[in-house]
Amino acid sequence: MTDTAGTGALPAEGLPAAQVLDEIRALRATDRPTHGGRLFAYVYDPGVAGLDELAQAAYAESAHVNGLDPTAFPSLLAMENTLVAAAARLLGGGPGTGAPDVVGSVTGGGTESLLLAVKAARDARPDLAEPRIVAPASAHAAFAKAAHYLRVKLDAVPVDPVTLRPEVAAMTAAIRPETVLVVASAPSYAHGVVDPVAEIAAGAAAAGARCHVDACFGGWALPWLRRLGAPVPPFDFAVPGVTSISVDLHKYAYAPKGVSVLLHRDPSLRAPQFFAYADWPGYTMVNPVIASTRSGGPIAAAYATLRHLGADGYLRLAASTRDAVAGLAGAVRATEGLRLMAEPESTVVCFTADDPKLDLFVLVDELTARGWHTQPQLRYADLPASVHLTVTAAVAPRVPEFGPVLADAVAAARATGPVALPPDLLALAGGLTPEALTPDLVAGLADGLGLGDGTGVPERMAVVNTLLDAAPAALRERLLAEFVGLLQRPAW
């Protein structure tokens, strides 16, 4: 980070507010655009006039409210309960349904929701010395993070390279007596396909295990798409055996980051999620989520967003998103050398290349140079490298522009040709173990890839992605951790 003030990380004298805001705006100028429908990952833009201002005002109203103690700040408790009720109703729970006793908690994001789902399942079985969870290989990486943090064994089940879903028989066969949780995605982030939730949940129930549906990505989109006539398969609390569901409100509920909801079918399932501690001389700590102190800002902003948009607003946004997905998928089909990884069934368009002369990583760079920011996905098992597009309502007006830009970027990528790494570097990436990475070797690789000069991330990432694509998963992890570590250095 550049010291734009020129007075050190902490100036000797405070700076005028206008100058500080100018610094922030200068730094933000280097970011990808969060609005305008040209960024297909990380942010969710509904394109609704005035919504940002409403959310910001609501955030400011509750920014200094602390979620640590709901008895001190009942406003935050009321807003959280409203968000939980809205999510539960949308996902098949609440009075008059087959899951009338659904309860939930508001968390800081999808990863926290998934960590807590794993924690609740693990802590419900204190008799197990080595608890395990079963998840498709396409399940979000946050489950691997949860397994690592919570010392739970993750049993990953391969996905079919054509359907991009796990086989039900393989999921069921992976369940052991030590399995505390079985996972399904609705949809998977990488490819946007919905797992066979009903069958997976039935297998989990028969084995006496919990079943968590990770609907962080699609839980606020799929129900509206279903109301519009899309053939969305059963995935929520209407499915017997589903014991918990996560849904991120900062995705397709279009709330500012970070707000997610973790729902449990009944209070007894949620009980192990809590942490309480009284064996010290301070206040008795009781936390339903991982964080203790929590700003009320994101929760108030989510509350304002949901109340303002309403069911009719979300239905309109879902219709715009559906149309945008169809248009983008059509542009991919019309482009020679590209093919869809799966026919879209949610809010994702994912494609790969069948032409060996067309390097997807170069294509991503060419799209970025034209102002369209996509997300490259590396090879995994039998799955090829691909390009992921998270589609939001704000994309819809941009769809007519995308086809010609995509065709032009493909032509430019073909003209450039695939990235050709030196043979010795390719051999190194294919045979090096994470343990063999020395600081000098990392520094040399970073310099060669343009990551070691302190100027930030290179504008073109094809060479970096090609190296990572050639490396096995364990080496990718270590390389990425080292490279990000080089980027995250103090601004002295």
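1. Helix H4 (residues 110-123) is largely enclosed by the rest of the structure, because 11 of its 14 residues are buried, where buried means under 20% relative accessible area, exposed over 50% and partly exposed in between, with a 1.4 Å probe and protein chains only. Among the buried residues of H4 are Gly110, Glu112, Ser113 and Lys119. Helices (H or I, at least four residues) and strands (E, at least two) are DSSP runs, numbered from the N terminus.

2. A note on the basis of these points: the model is predicted, so that local features need pLDDT of at least 70 and side-chain atom pairs count only at pLDDT 80 or more, whereas totals for chains, interfaces and linings use all residues. Residues are numbered from 1 along each chain as its sequence is written, and side-chain values use heavy atoms, with hydrogens and water left out.

3. The whole structure holds 11 aromatic pairs, a pair being rings of Phe, Tyr or Trp (its six-membered ring) with centres within 6.5 Å, and with planes under 30 degrees apart counted as stacked, over 60 as edge-to-face and the rest as tilted. The rings of tryptophan 220 and tyrosine 314 form an edge-to-face pair, since their centres are 5.5 Å apart and their planes stand at 70°. This pair links distant parts of the chain, with tryptophan 220 in the loop between strand E5 (210-214) and helix H8 (222-227) and tyrosine 314 in helix H10 (residues 297-333), 94 residues apart. Both tryptophan 220 and tyrosine 314 are buried.

4. A search of the whole structure finds 23 salt bridges, each a side-chain nitrogen of Lys or Arg within 4 Å of a carboxyl oxygen of Asp or Glu. In one of them, glutamate 345 meets arginine 165 at 2.6 Å, N to O, and the two residues lie 180 residues apart in the chain. Glutamate 345 counts as partly exposed, because its relative accessibility is 28%.

5. Arginine 370 and aspartate 408 also form a salt bridge, with their closest N and O atoms 2.7 Å apart. Arginine 370 lies in the loop between helix H11 (360-369) and strand E12 (375-377) and aspartate 408 in helix H12 (residues 399-416), so the pair ties together parts 38 residues apart in sequence. Salt bridges with shared partners join Glu366, Arg370, Asp408 and Arg460 into one network.
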